[in-house]
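Trainee: I would like to go through this structure with you. Can we take the terms as they come up?

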Amino acid sequence: MNSEQTVNRRKFVKLTLGSAIAAPLLAGRLAQAGGHLPKLEESDPQAVALKYKHDAAAVDADNFKAGSNCANCSLFQGKEGNEWGPCGIFPGKEVAAAGWCSAYNPKA
Ligand code: SF4
């Protein structure tokens with residue numbers, strides 16, 4: 001490996017680590033400032049994998065319990081009464097308060 005490849009590798013690692021750290025921080029700042037993140041699409045591969053739906057009534061999953069939704073999930077970071085908010089499972093996106101996914105964890 002020559003010195004130019006070493007420098008390029010270092011740049012790549014710095015950019016990758018910087019992005020990995022900056023994205024959640026930016027998401028948190030946007031949420032605190034009242035800004036909005038893009039809404040999670042139901043077609044997002046991670047959303048599909050976790051059976052996410054904007055409307056919990058549309059969920060077809062064995063572990064779904066009636067009455068559970070994002071608004072009463074411990075991972076929902078939206079404010080009380082907000083229709084959309086950030087979620088710890090989908091960083092950089094907002095999920096619907098009326099939504100649900102298979103990572104649902106009821107608030108204590
Ligand atoms: S983890 Fe909770 S808040 Fe996030 S999408 Fe799933 S049910 Fe909604």
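Mentor: Start with the elements: helices (H or I, at least four residues) and strands (E, at least two) are DSSP runs, numbered from the N terminus. By that rule, the protein has two helices and two strands. Their order from the N terminus on is α-α-β-β.

Trainee: What kind of model is this, and how are residues numbered?

Mentor: The model is predicted, so local features need pLDDT of at least 70, side-chain atom pairs count only at pLDDT 80 or more, and totals for chains, interfaces and linings use all residues. Residues are numbered from 1 along each chain as its sequence is written.

Trainee: What is the mean pLDDT of the protein?

Mentor: First the term: pLDDT is the predictor's confidence in each residue, from 0 to 100. The mean for the protein is 83, and 69% of its residues reach 70 or more.

Trainee: What else marks residues 15-19?

Mentor: Two residues are in contact if their C-beta atoms, placed from the backbone, lie within 7 Å. For residues 15-19, the model has zero contacts beyond four places in sequence. In the protein, residues 24 or more positions apart account for 62% of the contacts with a separation of 6 or more.

Trainee: Why is N63 called exposed?

Mentor: Count the other C-beta atoms within 10 Å of a residue's own, all placed from the backbone: 20 or more means buried, 12 or fewer exposed, and in between partly exposed. N63 has 9 such neighbours, so N63 counts as exposed. N63 is in the loop between α2 and β1. Its C-alpha atom is 9.8 Å from that of C101, 38 residues apart along the chain.

Trainee: What makes K51 partly exposed?

Mentor: K51 has 18 C-beta neighbours inside 10 Å, so K51 falls in between and counts as partly exposed. K51 sits in the loop between α2 (45-49) and β1 (84-86).

Trainee: What makes N105 partly exposed?

Mentor: The count for N105 is 13 other C-beta atoms within 10 Å, so N105 is partly exposed. N105 lies in the segment after β2 (94-96). Not counting residues up to four places away in sequence, N105 touches C73, S74 and L75.

Trainee: How much of the protein is buried?

Mentor: Buried residues make up 22% of its 108 residues.

Trainee: Which residues touch the most other members of the largest nonpolar core?

Mentor: A nonpolar core is a set of buried Ala, Val, Leu, Ile, Met, Phe, Trp, Tyr and Cys residues joined through C-beta atoms within 7 Å. The largest has 19 residues, and C70, C87, V95 and W100 touch the most other members. Beyond four places in sequence, the contacts of C70 include F76, C87, V95 and W100.

Trainee: How many residues surround the ligand?

Mentor: There are 13, and the closest are C70, C73, F76, C87 and C101. A residue is near a molecule if its C-beta atom, placed from the backbone, lies within 6 Å of it.
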